[in-house]
Each structure stands twice: as structure tokens, then as C-alpha cells.
Amino acid sequence: MIAAAVAGCGINSTSPGVEGPIPSEPTLIDYVDPSQVSGLSTQTMSEGDLDTRHVHVVYPSLADAPLLNEKLRRTVNEELNRFTESTVPARSTGNPRDPGSGSVAGVLPPPEFNVEWQLSAVSPEAVGVRLRFGASTGSSWSEARTTIWYDRTSKRALDSTGLLKDKAALNTLAALVRVKLAQRGPETNPSSVRPDPKMFDSLGFNPRGELVVEFDDRQVGPESLGRVAVALSHAQADTLLSASGLRAQRAATKPAAAASAPKESIDAENTAKPRAASSLTGSVDCAKAKCVALTYDDGPGPETGRLLDILADHNARATFFCLGSNAAAHPELLQRMRNEGHLAANHTWSHRDLTAMSPIEIADQLVRTQREITHAIGQVPTLMRPPYGATDTQVTSIAGTLGLAVIRWNVDTQDERDADPRAIADRTVSRAVPGAIILLHDVHGATVDATPEILRRLTAEGYTFVTVPELYGARGALAGRTYDSASTSSALHRQAMP
């Protein structure tokens, strides 16, 4: 079953995710390759640990669109505040799990909030950013979709209904959508569609320029339907569009050099490209040297380039557990990691708690990220780190099928909760032991600020900085096994359960 799920994920290379429509579906939106957009960076917000509440948010920012950036920030924070107010963090049972020990039988996963993004369109006239909000209270997962538009001509950031001429156009759109939904049969509820801007908060265009309307889970039908969307023809929709809407339509239908190119299947990449390894592997014998592995999660991001400069200045190498969505936006940073002796590894596509997902969803999160990293560096990652350290036998088994070792940590610097570089450095240095795997995050400026002090003080204590597989000598880290550290006070590894 797991092998079938993994194999299935290798086929749908152009899908925006498990929810993605099939290529012949008229509601398919041709998303833009973010690596081709000048001035794009990503913003990251996260909170929570394994046993309380999981929050991970990533959204883009554009150097030339501060009003868009601010509207995205506000939109994300409003949704996060609603989630926070509606949930209570899970409480420790008094027997807390060690980092990454995964779900416990009979215990629901912690509440989770996750945001990922795609570019619906980019042109000199308009930019569209589609946000996908996912949330669970431990028992079910639901998603909502919002598309924010930026009119570069009028310098305005718009909700999706800003693409329409007026209230009358919204009324007409609602009536047309009700007819479309009625044609689908009894699984949807057309009468639930109202001319409410909150209901029409995700409007976009397919490659032919037809208007695509998407709904949130349970908005017009049962959650089992997944993504529900309809496409309206030019004849139906064009007269409803405002000047901003027409600019957005042209942006979405331009023949795009920036449009996403299909990636090779992961199977083709695995057979054609070498396994990822530091170019400096073999230069240090960790059986004799005092080694530690600095690991940085959640990037690459705006701070990663500066961090690479710091590591180069100190002749230190690290392991970067990259989110697939960020790797897609910044392949040049992954290439620099490879060229400078670091190791790029898999941290899933969007930082979901894998223990709360189905086998095919777990495989999709890993396969898509494998594809992006391999495409960027010409090497196939051999390591993955589960978000929040949450893993179980199912996650480990699927990772092993993909040729991945599961890497956790034994030193948590708690840098995501602290803006004080000195405090981060103090915790890192005080907790370091030979063979340690040290958890840090390259999306936080304070962590990058702390890194020179960490390197200086640990170097003075005789430490050498290596990538994770180098801790384990010539054997490296083996696929399908879980590793916490190589310190003598910890088990070197744990064999995956059958």
C-alpha cells in the first residue's frame, strides 16, 4: 500500500498538491514558477512544540509591492488569530514524548494551522497570490482558499472581489455559479452560494483566461468533495470584470516564461543523479575528531544567504532541512549550499504534521520536495526531518521507501521562541556534546545573528562542524532508520519498525 502511494505521487508532477485538479479540468490554474520572479522572498511564522499547538505559515513578499506584502501579512494574521481563539493548546500528559516520537495511540494530534502559497499570475500589470489555509483541531483537517491580487497600474492590493466591477457584478456572478454547481448534481448545495465577498474570496483564471471560482471546504458541499471550483466562460465573465480584473486576466493568460515547467518524475531523477553528500565528506574522521552537526530548518529564506556567508567565514558546514515550497522559490541558495560543502535535505513541502496524514499525503509531501531539491542541485536528498519532530512507524517506512533516513535532534536550541542571539548561543554551546545534532532555523534573523558566536565558542572548545551523515562515518545515515544523535550518551540510531 505504501509503495503504491509513493509510486502514485511520482506521476502527477504538475499538481499543486494532493488537492490539485487533473490537467483536463477547466478549473486548473497555471501557477507561476516563483524562482523566475525578481525580488521575491518568503516570510515565515511558526510556533508550538510537539505536544501543544502546531503553527507554520509561509507567504511571499515582493520587493516592489509593499502594499501587497502588508495585505498578505494582515490576511494571514487574521486567519491565525481566528484559529488561536478557537483552539486550546493540547496539554502534556505528564509523560511527554521525546522529540519526534510521533503520535501516541488513542491521543489526538495537537491542533494545527498551516499556510502555503502559490502565484496565480505575475506580470507588469498584476500579481495574484493564492493562500491555502489548513487547520485541524486534532480530529479532522479542513482547508480554505483566498487569492489576493495586486494591481501594479493602480498600486492597489485587492481582495478577489476587487476584480469585479461592482455589487451588481457580484450578484450576477453568484447566480452564474449557482447554475454551474446545479449542473454537477446533488453532491453540492447551490442554494448556499450568496453574493458575499467572503464566499468569493478566491478568484483566478485558467490558462484560457476563463474565470475560476474556488470555495473552501464545506462551503458548498460536504468535506469529502475536497476542492470545489467552477470555471466561467469569457462570454459569462468578461463583462463582470473591473479594469483591475482585466489586467489580472491578461496576467494569468500571458504565455509565460515564468510558468511552472513540469519536473522530471522522481524515479527518473533518482536513477540519473547521484545521492546528495557534502563535497567535503571524508575530510574529517568523527571517530577521532570532536564533531557536531549544525542543522537549519524551514528555509531557504531571506536570512539564508547571510548565514552561508558566516559559515564560509568560519570554515564550517551544516545540514539544511529545506521546505519544498521555499526550495522552489530559491534554487540558487540550494546550489550555493551544495557548492560550499553543505548538505540540502528534505523537510517536507509545507511543514505539516506527518503523523496526522494519510500514506499518500505523506508521500506527496516528501516526493514533491525531493523533486524540487534534486532539480536545484542535481543530487537526490538522502535525509528528511519530520516537521515538529513528529514521526511514527508509517512515516519512517515511507521515508525508507524513498531512500530517506529520518533525522531528529538531541539539542533543541529553542531559537524559534527567542529573539535574543546571546541566549540562543548560550543554550547551543551549553547543550552541545560530541556527536550532537543541533536544531536551529535559518528563517530567523536572531539565529543567524547567534551563529558567529556559536561557531567561535564551539571551535574554541575543539569542535568540528560536519554534516549529519559524517557523524556516522563511512556508513552514513541509512534509509529507513531514525537518528537522534551520534553521541555516546544516545543510541546511534533506531531501526525502523517493520
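Reader: At what angle do helix α9 and helix α10 pack, and how far apart are their axes?

Author: In this predicted model, helix α9 (residues 331-339) and helix α10 (residues 359-377) pack at about 65 degrees, with axes 8 Å apart. Helices here are DSSP runs of H or I with at least four residues, and strands are E runs of at least two, numbered from the N terminus. Axes are lines fitted to C-alpha atoms, for helices over the stretch in contact, and angles run from 0 to 180 degrees between N-to-C directions.

Reader: What makes α9 and α10 roughly perpendicular to each other?

Author: Their angle is about 65 degrees, and angles of 65 to 115 count as roughly perpendicular (under 35 is roughly parallel, over 145 roughly antiparallel, and the rest oblique). α9 and α10 are therefore roughly perpendicular. Their crossing is right-handed, a word for the near helix being turned clockwise from the far one by less than a right angle (left-handed if anticlockwise).

Reader: Which residues make that contact?

Author: Pro 331, Leu 334, Gln 335 and Arg 338 come from α9, and Ile 373, Ala 376 and Ile 377 from α10; contact means heavy atoms within 4.5 Å. By class, five are nonpolar, one polar and one charged. Ala, Val, Leu, Ile, Met, Phe, Trp, Tyr, Cys and Pro count as nonpolar, Asp, Glu, Lys and Arg as charged, and the others, Gly among them, as polar.

Reader: Why is α12 called oblique to α13?

Author: Helix α12 (residues 421-431) and helix α13 (residues 445-460) pack at about 40 degrees, with their axes 8 Å apart. That angle makes α12 oblique to α13. Their crossing is right-handed. The contact includes Ile 424 and Val 429 of α12 and Ile 454 and Leu 458 of α13, and its residues divide into eight nonpolar, two polar and five charged.

Reader: How do you know whether α7 is roughly parallel or roughly perpendicular to α13?

Author: The axes of helix α7 (residues 304-313) and α13 come within 10 Å and cross at roughly 0 degrees. That makes α7 roughly parallel to α13. Here Arg 306, Leu 307, Ile 310 and Leu 311 of α7 meet α13 residues, among them Val 448 and Leu 455. The contact has six nonpolar, two polar and two charged residues.

Reader: Why is the pair of Trp 149 and Phe 205 called edge-to-face?

Author: The structure holds six aromatic pairs, and one of them is Trp 149 with Phe 205, at 6.1 Å centre to centre and 70 degrees between the planes. Rings of Phe, Tyr and Trp (its six-membered ring) pair if their centres lie within 6.5 Å, and planes over 60 degrees apart are edge-to-face (under 30 stacked, the rest tilted). Trp 149 lies in strand β5 (residues 141-151) and Phe 205 in strand β7 (residues 203-205), so the pair ties together parts 56 residues apart in sequence.

Reader: What is the phi of Asn 315, and where is Asn 315 found?

Author: Asn 315 has a positive phi of about 55 degrees although it is not a glycine, and it is found in the loop between α7 and β11 (319-322). Most residues other than glycine have a negative phi.

Reader: How confident is the predictor?

Author: The chain averages a pLDDT of 88, and 85% of the residues score at least 70; pLDDT is the predictor's confidence in each residue, from 0 to 100. Over residues 256-261, however, pLDDT stays under 50. Local features need pLDDT of at least 70 and side-chain atom pairs 80 or more, while totals for chains, interfaces and linings use all residues. Residues are numbered from 1 along each chain as its sequence is written, and side-chain values use heavy atoms, leaving out hydrogens and water.
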